[in-house]
Amino acid sequence: MDTEERARLIRAGDRRALARAITLVESARADHRAEALALLDALRSGPQALRIGLSGTPGVGKSTFIETFGLMLTAQGLKVAVLAVDPSSSRSGGSILGDKTRMEHLSRDPNAFIRPSPSQSQLGGVARRTREAVALCEAAGFDIVLIETVGVGQSETVVAELSDLFLLLLAPAGGDELQGVKRGIMEMADLILVNKADGDLKPAALRTVADYAGALHLLRRRPQDPRGFPKALPVSALVDEGLTQAWDEMQTLVAWRKTQGHWDRSRATQARHWFQEEVRQGLLAALNREPQKGLMTSLGDRVAAGDLTPEAAASRMLELLGRGR
């Protein structure tokens with residue numbers, strides 16, 4: 001299938017073509033990479049979706065939240081794509097990719113599309129080609145693209161570089177105000193949602209909301225936020241409570257950012273970031289090709305033997321690269 005035909009099918013909303021295109025952009029083969037770049041270039045002037053990044057620790061209920069939230073959105077006539085990133089084993093390299101199993105009802109919704117992807121060795125909670133998968137979903141006409149991160153801790157801030165809104169899901173009694181003012185993922189969040197605010201956990205959830213709401217007031221105000229944001233809210237994906245209010249707050253924030261010009265500036269800044277990241281990744285990939293690979297091996301052997309310090313060997317390698325060797 002040529003690039004024009006692929007692009008036509010994706011714009012027409014063909015799910016099989018979209019799934020195959022995401023597989024294409026995730027491929028590491030050189031010929032596939034060339035095809036993927038041509039396809040992305042053909043689709044670059046497509047519509048814009050609302051990109052929502054979602055992170056949280058394992059067990060906080062991300063999949064349950066996404067399913068309930070996604071069903072609420074599709075009931076309003078919106079088309080929702082879910083890009084879920086699963087952790088990969090450092091030993092086997094494999095991933096479970098079980099998010100479709102968790103989101104049983106949403107996966108059957110005709111207005112929803114769920115695509116799990118392995119994180120592989122990529123840090124920051126997202127896969128390396130997640131941004132390109134988002135662009136393909138936008139071209140396919142989805143109104144909302146939900147990006148679920150691996151969910152491992154406070155360093156998962158990369159998702160903020162490819163989303164318009166960043167949601168942080170927390171569990172009840174997950175920390176106090178001191179935990180809330182820690183830098184990193186907390187200061188990147190646009191909304192903090194304390195999940196499982198139901199049953200016996202509801203009082204603890206409300207206390208956690210109050211703690212984090214107080215912590216947010218201590219953080220420096222960001223230029224992309226109107227007064228009152230970011231906010232902490234209680235939600236329950238299990239009994240579907242608080243999600244409508246959370247969605248209303250998201251729409252309020254998006255509307256303000258668009259009218260104030262922050263939306264376009266953020267998209268432009270993100271594009272520049274991913275250009276620089278692609279260059280960095282390309283330079284790292286060059287180290288796995290000859291003659292650089294042989295030089296790395298030779299210097300590594302000398303470091304292991306104690307003939308060179310790691311710092312001296314690295315300096316030598318950078319000097320050789322600077323000479324074009």
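This is a predicted model: local features need pLDDT of at least 70, side-chain atom pairs count only at pLDDT 80 or more; totals for chains, interfaces and linings use all residues.

Residues are numbered from 1 along each chain as its sequence is written, and side-chain values use heavy atoms, with hydrogens and water left out.

Start with helix H1, residues 3–11. Helices here are DSSP runs of H or I, at least four residues, numbered from the N terminus. Which residues of H1 are buried? They are Arg6, Ala7, Leu9 and Ile10. They lie on the same side of H1, because they cover an arc of only 165 degrees around the axis. That arc is taken from the directions from the helix axis to the C-beta atoms. Buried means under 20% relative accessible area, with a 1.4 Å probe and protein chains only. These buried residues pack against helices H2 (15–26), H3 (30–42) and H7 (130–139). After H1 comes Gly13, with a positive phi near 85 degrees.

Next, Glu249, in helix H11, residues 243–259. Glu249 is buried at 13% relative accessible area. Its side chain makes a 3.1 Å polar contact with that of Lys231. A polar contact is a pair of N or O atoms within 3.5 Å; within protein, one must be able to donate a hydrogen and the other to accept it, and residues adjacent in sequence count only if both atoms are side-chain atoms.

Last, His262, in helix H12, residues 262–286. His262 is buried too, at 17%, and its side chain has a polar contact of 3.2 Å with the Arg265 side chain.

Methods: Helices (H or I, at least four residues) and strands (E, at least two) are DSSP runs, numbered from the N terminus. Buried means under 20% relative accessible area, exposed over 50%, partly exposed in between (1.4 Å probe, protein chains only). Contact means heavy atoms within 4.5 Å.
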